Amino acid sequence: MEWADGKTRCCWANPQNPKYIQYHDAEWGVPVYDDRKLFEMLILECFQAGLSWECVLNKREAFLRAFDGFEPEKVSAYGEEKLAALQKDPGIIRNRLKIRAAVNNARIFRTIQQEHGSFSAYLWGWTGGKTLDEKGAAHSPLSDSIAKDLKKRGMTFVGTTIIYAYLQAVGVVYSHEAGCFLEHTAEEVPADAAVSASGEAAAQPSQNA
């Protein structure tokens, strides 16, 4: 694939979409520790279910406006009137179940913050604060375990594939492809050495997770 700037990128990046290029170059795989940004990316990944990330990315600014900058405390307080307004917003993905899931997930996100001090502490606790170097996968024992825990807490649209994409997006898993100008080897932690947010060894997932 030819790139105007001569840089080689991951095959999924669309050279015709400046937003996609900017996202690939400046955001994807960069470790995120800010809870607001972690919430934003989690909700956007949930909306991606069954769609392309490019579709979601193209609507990102509209999502930010519609969801009050993805402030978890604001989204968690949405009532029926706000939900109805979101379903009529032409700038976002107007899927009723996903919109309701965003509010439900915001409330659980807030509970996790209260339990762990921050959602960042919860998320990065699964790997002891380290980034895993993985390529060519759509899920992993880590994403299986996190997805299982989030579902147990009551979140929806958080299957292992969605969570793995989320981990890649926020830098818990580093997956820039071989040949990409951003490829490097992240500090690697073996899958069976990943720890849970409680500091214990992560439980091995079932084959049906």
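Predicted model: local features only at pLDDT ≥ 70, side-chain atom pairs only at ≥ 80, totals over all residues.

Student: At what angle do α9 and α10 pack, and how far apart are their axes?

Tutor: Helix α9, residues 141-153, packs against helix α10, residues 160-169, at an angle of about 115°, and the axes are 8 Å apart. That angle makes α9 roughly perpendicular to α10.

Student: Is the crossing left-handed or right-handed?

Tutor: The crossing of α9 past α10 is right-handed.

Student: Now Tyr164. Is it buried or exposed?

Tutor: Tyr164, which lies in helix α10, is buried: its relative accessible area is 1%, and the cut-off for buried is under 20%.

Student: Which residues is Tyr164 in contact with, leaving aside neighbours within four places in sequence?

Tutor: Tyr164 is in contact with Glu134, Ala137, Ala138, His139, Ser140, Ser143, Val173 and Ser175, with those neighbours left aside.

Student: And how far is the C-alpha atom of Tyr164 from that of Asp144?

Tutor: Those C-alpha atoms are separated by 8.2 Å, while Tyr164 and Asp144 are 20 residues apart along the chain.

Student: Changing topic, where is Ser120 found?

Tutor: Ser120 is found in helix α8, which covers residues 119-125. Ser120 is buried, with a relative accessible area of 8%.

Student: What does Ser120 touch?

Tutor: Not counting residues up to four places away in sequence, Ser120 touches Tyr33, Asp35, Leu38 and Gly125.

Key
Residues numbered from 1 in each chain as written. Heavy atoms only, no water. Axes fitted to C-alpha atoms, helices over the stretch in contact; angles between N-to-C directions. Helix = DSSP H or I, 4+ residues; strand = E, 2+ residues; numbered from the N terminus. Parallel < 35°, antiparallel > 145°, perpendicular 65-115°, else oblique. Left-handed = near helix turned anticlockwise from the far one by under 90°. Buried < 20%, exposed > 50% of the residue type's maximum accessible area, 1.4 Å probe, protein only. Contact = heavy atoms within 4.5 Å.
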